[in-house]
Amino acid sequence: NALHQKSMLDPSIENKKAFNKVRNNLTNELKKVHGLYYQNKIQQEKQNLKVMWNIFGTIINPKKNETE
């Protein structure tokens, strides 16, 4: 948040690069953790097909499951 404000208030090349580097690292880590979470869920429920298909449904269309 501080880097974002700094890059917006003083948009120098160094500030933008620092912000983009932190943002990209965070995005990559979130994607990695998200994938590992669902791999573990699927591995735990591999014997129960109904639960496994529900997991696939949340992966494919997460907004549909938020309203239910």
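## Helix packing in a predicted model

Asparagine 15 has its place in helix α2. The model to which this residue belongs is a predicted one. With a relative accessible area of 12%, asparagine 15 is buried, since buried means under 20% relative accessible area. Leaving aside residues up to four places away in sequence, asparagine 15 touches Lys6, Ser7 and Asp10.

Serine 7 is found in helix α1, which covers residues 2–9. Serine 7 has a relative accessibility of 5% and therefore counts as buried. The side chain of serine 7 reaches the backbone oxygen of histidine 4 at 2.9 Å. When residues up to four places away in sequence are not counted, serine 7 touches Asn15, Lys16 and Phe19.

How do α1 and α2 lie relative to each other, and at what angle do their axes cross? The axes of α1 and α2 come within 9 Å and cross at roughly 150 degrees. Because angles over 145 degrees count as roughly antiparallel, α1 is roughly antiparallel to α2. The crossing in which α1 passes α2 is left-handed. On the α1 side, the residues that take part are Leu3, His4, Lys6 and Ser7; on the α2 side, they are Asn15, Lys16, Ala18, Phe19 and Val22. By class, the residues of this contact of α1 with α2 divide into 4 nonpolar, 3 polar and 2 charged. Both serine 7 and asparagine 15 are included among the residues that meet here.

The discussion now turns to another pair of helices. Helix α2 comprises residues 13–44, and helix α3 comprises residues 49–60. Which angle and which axis distance describe the packing of α2 and α3? The two helices pack at an angle of about 165 degrees, and their axes are 9 Å apart. This angle is over 145 degrees, the cut-off for roughly antiparallel, and α2 and α3 are therefore roughly antiparallel to each other. As α2 passes α3, the crossing is left-handed. Tyr38, Lys41 and Ile42 of α2 make the contact together with Met52, Ile55, Phe56, Thr58 and Ile59 of α3. By class, the contact of α2 with α3 has 6 nonpolar, 1 polar and 1 charged residues.

Individual residues of this second contact may be considered in turn. Lysine 41 is found in helix α2. Is lysine 41 buried or partly exposed? Its relative accessibility is 31%, so lysine 41 counts as partly exposed. Lysine 41 and isoleucine 55 are 14 residues apart in sequence, and their C-alpha atoms are 7.7 Å apart in space. Isoleucine 55 is, like lysine 41, one of the residues that make the contact of α2 with α3.

Phenylalanine 56 lies in helix α3. At 23% relative accessibility, phenylalanine 56 counts as partly exposed, because this class covers values between the limits of 20% and 50%. Between phenylalanine 56 and tyrosine 38 there are 18 residues of separation along the chain, and the C-alpha atoms of these two residues are separated by 8.9 Å. Tyrosine 38 and phenylalanine 56 are both included in the contact of α2 with α3.

Leucine 49 provides a last point of reference in helix α3, where this residue has its place. The relative accessible area of leucine 49 is 51%, so the residue is exposed; the cut-off for this class is over 50%. Leucine 49 and lysine 63 are 14 residues apart in sequence and 22 Å apart in space, C-alpha to C-alpha.

Conventions: Residues are numbered from 1 along each chain as its sequence is written. This is a predicted model: local features need pLDDT of at least 70, side-chain atom pairs count only at pLDDT 80 or more; totals for chains, interfaces and linings use all residues. Side-chain values use heavy atoms; hydrogens and water are left out. Helices (H or I, at least four residues) and strands (E, at least two) are DSSP runs, numbered from the N terminus. Buried means under 20% relative accessible area, exposed over 50%, partly exposed in between (1.4 Å probe, protein chains only). A polar contact is a pair of N or O atoms within 3.5 Å; within protein, one must be able to donate a hydrogen and the other to accept it, and residues adjacent in sequence count only if both atoms are side-chain atoms. Contact means heavy atoms within 4.5 Å. Axes are lines fitted to C-alpha atoms, for helices over the stretch in contact, and angles run from 0 to 180 degrees between N-to-C directions. Angles under 35 degrees count as roughly parallel, over 145 as roughly antiparallel, 65 to 115 as roughly perpendicular and the rest as oblique. A crossing is left-handed if the near helix is turned anticlockwise from the far one by less than a right angle, and right-handed if clockwise. Ala, Val, Leu, Ile, Met, Phe, Trp, Tyr, Cys and Pro count as nonpolar, Asp, Glu, Lys and Arg as charged, and the others, Gly among them, as polar.
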